[in-house]
Amino acid sequence: MSETTTATPSTDADLFAPEVVADPFPTLTALREQAPAVYSTKYDFYVLTRYEDVRATAGDWESFTSSKGVGLTEQFNKQLVGSVLATDPPEHDALREVLSDKLAPRGLAQIRQQISDYATSLVAECVAKGTFDGVVDIARVFPINVVGDLVGLPMEGREKMHPGADATFSGFGPFVPYVMEHLPQLQDYQAWMGTMADRSKLTPGGWGEAIMDAVDDGRLTQLGAIRTVSAYLTAGMDTTVNAIAALMRLFADRPDVWNALKADPKLAAPIFEEILRLESPVVGFWRVATKDVEFGEVTVPEGSKVLLHWAAANRDPQKYPNPDTFDIGRNPLDHVAFGYGVHACAGQGLARMEAVTLLEAFAAQIDTIELAGEPIRGRNPIVRGYESVPLRVTPRRDA
Amino acid sequence: MKIDIKLPACEGHGLCAQTAPGVYELDDEGYVRLVVDEITPDLEAAAEAGARVCPVAALAVRR
């Protein structure tokens, strides 16, 4: 290496290797300390890990386009072309508007009671059992049926939704063995969704019908409709499922947090924000630089793929002191677990409502909560979460 | 200090109003509006904090 030229900071660390997926934070800390942007020699992208850079880049859609796909590989990005995830304004805004009336909090207010009632009955079933799995019996049930009902999907086939969404998310990254192992679930899910762009299958008044209306009046093509349904369904599954799973684990590990919630259910919202910051269910998405962009001393050349690492940004100690600690007083509303800017999660209002109603139901019905077995982490390289969180609870005596 | 509101971007998540209720609120249709006519110096910190938490970048602070 010549002493007069500055080499591009690079890494041969494999962010998607099973051992790094199992515990990514030591690797992410090293990358964050190494340089603002670090080139992955293994996968040919630059990774951003510092909070301010990640947020600014997410907000700058003109310099960092989504239109070439927000996954890593060409094969996967081809499937996203023209979807709300993989377009820039103004095309993107028109797609996002198709559901924004329903997804925005003003639209959600009308369905809060319905979601809350469902949370109450689901938690009651688990409390009656005493011992249950926080992932299998709650986290993978609640969001699936909430979203399934809102879209107006038939009950039949909903069992494909979580495995399919999980497989889809894994495909955003490199095609590691996890992705290949889950191809059957992905194909099953896509085949099923392909049949859902059909009014006769959808409950009137649901989001699915709103999407079909957009096809009829020319705002969406039939393929666009399938991709839009697919984007919202997928986005509404694995994310919320894993955030809720992380909450279950949190309560078992941290009786102080659980007792605080029980005493004051209004803490549900800040508890949810802090678990999103700490766990970042979606670790990151890619963009493509439309021009040379400098991050400190590092120039990211035009045409480079850039990974916006939400999970790394959310644990940047410059932004959040003691970032590895769950702090109930932090209420980090500016975390980037939902992304930021024009592509920020369109369903974040729904995610908040689901989490808050579920935690309220927990606080109302449960007295103590503890692990009934060893939790098992998921292996998905893009979505951090759990396969299993066995729990034992006792009912509130005053409930 | 002035607050630029990009109303088409606002989706009514309400984090601004939650963070800085003395500066922002949601109108009857669930879109952001300012509670005050002018951001006086005592409101600047709150105004900035509220703009900062907008998840869809609908709020910008201009000095």
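Strand 6 (residues 284-289) of chain A has five of its six residues buried, so it is largely enclosed by the rest of the structure. Buried here means 20 or more other C-beta atoms within 10 Å of the residue's own, with C-beta atoms placed from the backbone. Strands are DSSP runs of E, at least two residues long, and helices are runs of H or I, at least four, numbered from the N terminus.

This is a predicted model: local features need pLDDT of at least 70, side-chain atom pairs count only at pLDDT 80 or more, and totals for chains, interfaces and linings use all residues. Residues are numbered from 1 along each chain as its sequence is written, while chains are lettered from A in the order in which they are written.

| Partner of strand 6 (chain A) | Sense | Bridges | Facing residues |
|---|---|---|---|
| Strand 4 (residues 64-65) | antiparallel | two | Thr65(A) and Val288(A) |
| Strand 9 (residues 305-309) | antiparallel | five | Leu307(A) and Trp286(A) |

Zooming out, chain A has 19 helices and 13 strands. Of its 399 residues, 51% count as buried, and the C-alpha trace spans about 75 × 50 × 40 Å along its principal axes.

As for chain B, 13 residues of chain A are in contact with 13 of chain B, contact being C-beta atoms, placed from the backbone, within 7 Å. Helix 6 (105-108) and helix 19 (348-365) of chain A are the elements giving two or more residues to that side.

Definitions and conventions
A residue is buried if 20 or more other C-beta atoms lie within 10 Å of its own, exposed if 12 or fewer, and partly exposed in between; C-beta atoms are placed from the backbone. Two residues are in contact if their C-beta atoms, placed from the backbone, lie within 7 Å. Two strands pair if DSSP finds at least two bridges between them.
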